[in-house]
Amino acid sequence: MRLNTGLNVDRLAQEFKEHRRVRIYDLLEREDAEALHAHLEDQDDWWRLINTPDGILEYDRRAWQRLGVRRRRALDEQVFAQARDGFQYRYEGLRVPDDPDRLEEDDDPLTAFARLMDSDDMLRMLRRITGQRDIGFSDGHATAYSPGDFLTEHDDDVPGKGRLAAYVYGLTRAWRPEWGGILMFHRDDSAMIDGHVPRFNTLDLFAVPQQHSVSMVTPSAPVRRFAVTGWLRASLPDGYGNAE
């Protein structure tokens, strides 16, 4: 994975300073973005993630099908009921290895992207853009939103996680706003929002905490909304990912 060396980092840093977020176009060399998109399209080991009052449910595709139509419909009803007045989400995820050895050894495009996000050159650039010198490492996972999938309002500020900024690397082509799946940033009273429509080879970078959500993908969407999402975190006590 190759970072686009033509980015105007000073301009991006100024925009982030003014708005606490910025969209970076053409983050990767086009060929590498295409390879990552093709990889995500080809994967069949996605996990369906559902938040419930009793904890997070995770189903691989075979387990999801084995539930049967009635059980899946009941889970959907539970999900939408909780979304009316609480934090909720529904989408598919694809994990990046947590084991540092696997992260170094695996050669698939998603793992390669995770290595790039955690590389010295990338972290150095992201510290400059965000002004957060304490960024020590990044993590993330791939996401796929299909019709009916969404993420309700939240701010990513979880005690003990050290999240300084969040990112969404978009891999969705020719997406129309009316198809949903929009990364929305909420004003204080939630009466107005700023929205980022899914695009290809773009990195949405925003400070934590910041209220945001992803609008529901509509049945008219002809493809899934692909992205890699994660956080830029402060260094851990054991020294992993120490900042410069």
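Student: How many helices and strands are there in the protein?
Tutor: This is a predicted model. Both kinds of element are present in it. The count is 7 helices and 12 strands.

Student: Why is the protein as compact as a globular protein of that length?
Tutor: The C-alpha atoms fill a box of roughly 55 × 45 × 40 Å along the principal axes. For 244 residues the globule rule gives 18 Å, and the protein is close to that, so it is as compact as a globular protein of that length. Its radius of gyration is 18 Å.

Student: Take helix 1 and helix 7. At what angle do their axes cross?
Tutor: Two packed helices are described by the angle between their axes and the distance between the axes. Helix 1 spans residues 9-19 and helix 7 spans residues 120-130. Their axes come within 7 Å. The two helices are therefore oblique to each other, and the crossing angle is roughly 45°.

Student: Which residues of helix 7 are met by helix 1?
Tutor: Helix 1 brings Val9, Asp10, Leu12, Ala13 and Phe16. By class, the contact holds 6 nonpolar, 1 polar and 2 charged residues. On the helix 7 side the residues are Met125, Arg128, Ile129 and Thr130.

Student: How far apart are the axes of helix 2 and helix 6?
Tutor: Helix 2 covers residues 30-42, and helix 6 covers residues 109-117. They pack at an angle of about 130°. An angle over 145 degrees would count as roughly antiparallel; this pair is therefore oblique. The axes are 8 Å apart.

Student: How many charged residues are in the contact of helix 2 with helix 6?
Tutor: Ala35, Leu36, His39 and Leu40 in helix 2 meet Pro109, Leu110 and Phe113 in helix 6. The contact has 6 nonpolar residues and 1 polar residue. The number of charged residues is none.

Student: Now the open space. Which strand gives the largest share of the lining of the largest pocket?
Tutor: The largest pocket has a volume of about 1,200 Å³. Its lining takes in 49 residues. By class these are 29 nonpolar, 10 polar and 10 charged. The largest share is 7 residues, from strand 5 (residues 135-145).

Student: Which residues lie nearest the centre of the largest pocket?
Tutor: The pocket is lined by 49 residues. Five names stand out by position: Gly140, His141, Arg163, Thr229 and Trp231.

Student: What volume does the largest cavity have?
Tutor: Rolling a probe the size of a water molecule over the atoms shows where empty space is left. The structure holds 1 cavity of 30 Å³ or more. The space in the largest cavity is about 70 Å³.

Student: Which strand gives the most to the lining of the largest cavity?
Tutor: The lining has 14 residues, and Val168, Gly170, Pro198, Asp204 and Arg225 are the closest to the centre. By class it has 5 nonpolar, 5 polar and 4 charged residues. Strand 7 (163-171), strand 10 (200-207) and strand 12 (225-234) each give two or more residues. The most, 3 residues, comes from strand 12.

Student: Is the peptide bond from Val208 to Pro209 cis or trans?
Tutor: Pro209 sits in the loop between strand 10 and strand 11 (212-214). Omega for the bond from Val208 is near 0°. The bond is cis.

Student: What is the phi of Asp156?
Tutor: Asp156 lies in the loop between strand 6 (150-154) and strand 7. Asp156 is not a glycine, yet its phi is positive. The value is about 70°.

Key:
Residues numbered from 1 in each chain as written. Predicted model: local features only at pLDDT ≥ 70, side-chain atom pairs only at ≥ 80, totals over all residues. Heavy atoms only, no water. Axes fitted to C-alpha atoms, helices over the stretch in contact; angles between N-to-C directions. Helix = DSSP H or I, 4+ residues; strand = E, 2+ residues; numbered from the N terminus. Parallel < 35°, antiparallel > 145°, perpendicular 65-115°, else oblique. Contact = heavy atoms within 4.5 Å. Nonpolar A, V, L, I, M, F, W, Y, C, P; charged D, E, K, R; others polar. 1 Å grid on protein atoms, 1.4 Å probe; cavity = no way out; pocket = protein on both sides within 12 Å on 5 of 7 lines; lining within 4 Å. Points joined across faces, edges and corners; volume = space filled by probe spheres on them. Rg over C-alpha atoms; globule rule 2.2 N^0.38 Å.
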